[in-house]
Amino acid sequence: MTEQRAESKEQRAKNTDKKSPGFVLRPLIIALWLALLFLPFRGIKDALILFVMLSILLFIFRALSGYAKTLTEKFNGIRQSVNISLETVYARSKIPQFVTYLLLFGFILSVPFFAKDYFIDVLILAGIYVILAQGLNVVVGFAGLLNLGFVAFYAIGAYSYALLNTKMGLGFWSALPLSVVLASFSGFLLAVPALRLKGDYLAIVTLGFGEIVRLVLNNWDSVTKGPNGIGGIEPPYLFGMPLGRLSYYYYFILAFVALTVFMVRRVYKSRTGRAWVAIREDEIASSSIGINTTAYKLYAFAFGAFWAGAAGALFAAKMQFVSPESFTFMESVLILSMVILGGLGSIPGVILGAVILVILPEMLREIQLYRMLALGSGLVLLMIFRPQGLFRPGRLSRLAGRANL
Amino acid sequence: MYLLEVRDLTKHFGGIRAIEEVRFRVREGSITSIIGPNGAGKTTLFNCLTGITQPTKGRVSFLDTEITGFRSSSIVKLGIARTFQNIRLFKEMSVLENIMVSQHCRTGAGLFASILRGNAFKKEEKIIEEKALEYLELVGLEDFAETLSWNLPYGSQKRLEIARAIATEPRLMLLDEPTAGMNPQETSEMMELIKKLQELGKTIILIEHDMKVVMGISENIVVLDHGVKIAEGTPGEIRKNPLVIEAYLGKEH
Ligand SMILES: Nc1ncnc2c1ncn2[C@@H]1O[C@H](COP(=O)(O)OP(=O)(O)OP(=O)(O)O)[C@@H](O)[C@H]1O
Ligand SMILES: [Mg+2]
């Protein structure tokens, strides 16, 4: 098997041999084809420029790809050295677990006592994103279903609370279950037609769904007030007191984050979680050990959307204002990046991914224009050197000795 | 008593007649082999029996239930399990987890039970783990429980696939080329394992190219060629059948 693979690699290497005529011809043909495509739109001059530029670029690219092998070898060296997940690094550091937990929880709980309001505000947002990203982690990380429109469920949760509160006068605690149920129900609705599709097609349909929801919110003026958004949303009440103060809201979100992590973790390490991971690994094999794959994909969509709905309601309650601007495609991409950065399927990883991707852009505010660039290139580098993300998914059983994994 | 009855089973892929009006019956507790040259339609037959593809025509009944048109997961639940010619393990799961998840259709904990974790849930999880270790022991993989399944050597991966099929608690097991790519030592171990499965009361249908295995353990042999059943009988009968000799060695022989 491996021998065969090695052979075909050699063959591929031969195909890009510099002496073969394809080496010069192919870039020219590709450039010509693209230039011809452009011709009707931009006229002959632009098409010509495009042709010249493209052929040169493609040629350089080809020439460089000869060095790709030595380059990848160098990469592999680096990759090997970063090919350890954060857990392994941690395990090697030999810090006792309870010390870490103590420090971590101590820090998290004491933040409101020393931090500036601005920082607490950022952390509250991070908490909301942790909940959201955990929801997406169920769909993409556990069940392996690419969803590019996850923001739709976040939006549905947020608008449900906004509307139930401002139009019908429902408080947070009575509106929350409704928002969450509405979000998971819409997850269910999307899943029914979408689950016949796989991979890229599923990604496109979910992307479309996200855009449809945003457009509906943007254009259904009579209900959603369109782009102006809905203001005057009440914060949650706890023991008859509004959670107006930032520090109270911080603890409030923290409790929700804990609840999310607790529940997602329990479902992951159970019959349901194992079925999801099996579907991710091999759908045909899962159905031939008796998993009803359609049903379990539906559960994944609904359960993921459930948390997005909760995050949405919390967001609306925090901002006391919602508008379609907060629920664009970029938002879906951001949530997905959190999951991928942290490590698909890893619960602690996704927490870290969400926190990093909320806090880092804030810290990079000084370099304004370049921060997205810096962040983007950081993510690209990560994907090159550690495509699995920072953490590795946790084991699915209690007997999780990892000696010989 | 017949466990499985296949009647006029036909599967076309566009113009390709993968199997054509195949009929045979399988006695409970027996080992049946399906043999035939490459592309004869053996794997397609398994796919039709397990609901992975739907047959164009024909009927399959299992334990007097007509299962044609059932989805794979329901067929497994009735008691038919299979392995694959090109191994399909859950790669990122440990060996133990592969077996645990395979008990899916014999267990019932849902989403809420797994969040609440009551006594029933804990008991079920414990049984799942115990049984998983038991099945691993049966195929001799108990020492690799925590290894990721794709780190196993090839022969062990094939065994793990069988253990996974056993974990669904089937009455009928369909094994697609269990000894393919194995050395003589591994092949004879695999034969032992298959016999052991029979002793455990499983009925077995086997797709196999290794004639030593086929002739050594099967009670009944079905020969397919270009999708058509050209012969059926005991090893002795099949060895002498002129049609079979022709199919395997070519007309000029
Ligand atoms: N999904 C499919 N789509 C189209 N044709 C298929 C499909 N599956 C199988 N076939 C065709 O059906 C015929 C029978 O294939 P099958 O895989 O069942 O053969 P086989 O007897 O298992 O062969 P082998 O011994 O090589 O495993 C072949 O001609 C194959 O190309
Ligand atoms: Mg086959």
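Q: How do you know which way α6(A) and α16(A) cross, left-handed or right-handed?
A: The crossing of α6(A) and α16(A) is right-handed. A crossing gets that name if the near helix is turned clockwise from the far one, and it is left-handed if the near helix is turned anticlockwise by less than a right angle. This is a predicted model, where local features need pLDDT of at least 70, side-chain atom pairs count only at pLDDT 80 or more, and totals for chains, interfaces and linings use all residues. Residues are numbered from 1 along each chain as its sequence is written, while chains are lettered from A and ligands numbered from 1 in the order in which they are written.

Q: Why is α6(A) called oblique to α16(A)?
A: The axes of helix α6 (residues 117–142) of chain A and helix α16 (residues 347–363) of chain A come within 8 Å and cross at roughly 140°. Angles under 35 degrees count as roughly parallel, over 145 as roughly antiparallel, 65 to 115 as roughly perpendicular and the rest as oblique. That makes α6(A) oblique to α16(A). Axes here are lines fitted to C-alpha atoms, for helices over the stretch in contact, with angles from 0 to 180 degrees between N-to-C directions. Helices are DSSP runs of H or I with at least four residues, strands are runs of E with at least two, and both are numbered from the N terminus.

Q: What makes α6(A) roughly parallel to α11(A)?
A: The axes of α6(A) and helix α11 (residues 246–268) of chain A come within 9 Å and cross at roughly 15°. That makes α6(A) roughly parallel to α11(A). This crossing is left-handed.

Q: How many nonpolar residues are in the contact of α6(A) with α11(A)?
A: The residues there divide into 18 nonpolar, four polar and two charged. Ala, Val, Leu, Ile, Met, Phe, Trp, Tyr, Cys and Pro count as nonpolar, Asp, Glu, Lys and Arg as charged, and the others, Gly among them, as polar.

Q: What makes a residue part of the shell around ligand 1?
A: Its C-beta atom, placed from the backbone, lies within 6 Å of the molecule. The residues around ligand 1 include B:G41, B:K42, B:T43 and B:Q85. α1(B) gives the most, with three residues.

Q: Why is chain B called as compact as a globular protein of its length?
A: Chain B has 10 helices and 10 strands. Its radius of gyration (taken over C-alpha atoms) is 19 Å, close to the 18 Å that the globule rule gives for 253 residues, so chain B is as compact as a globular protein of that length. The globule rule is 2.2 Å times the number of residues to the power 0.38.
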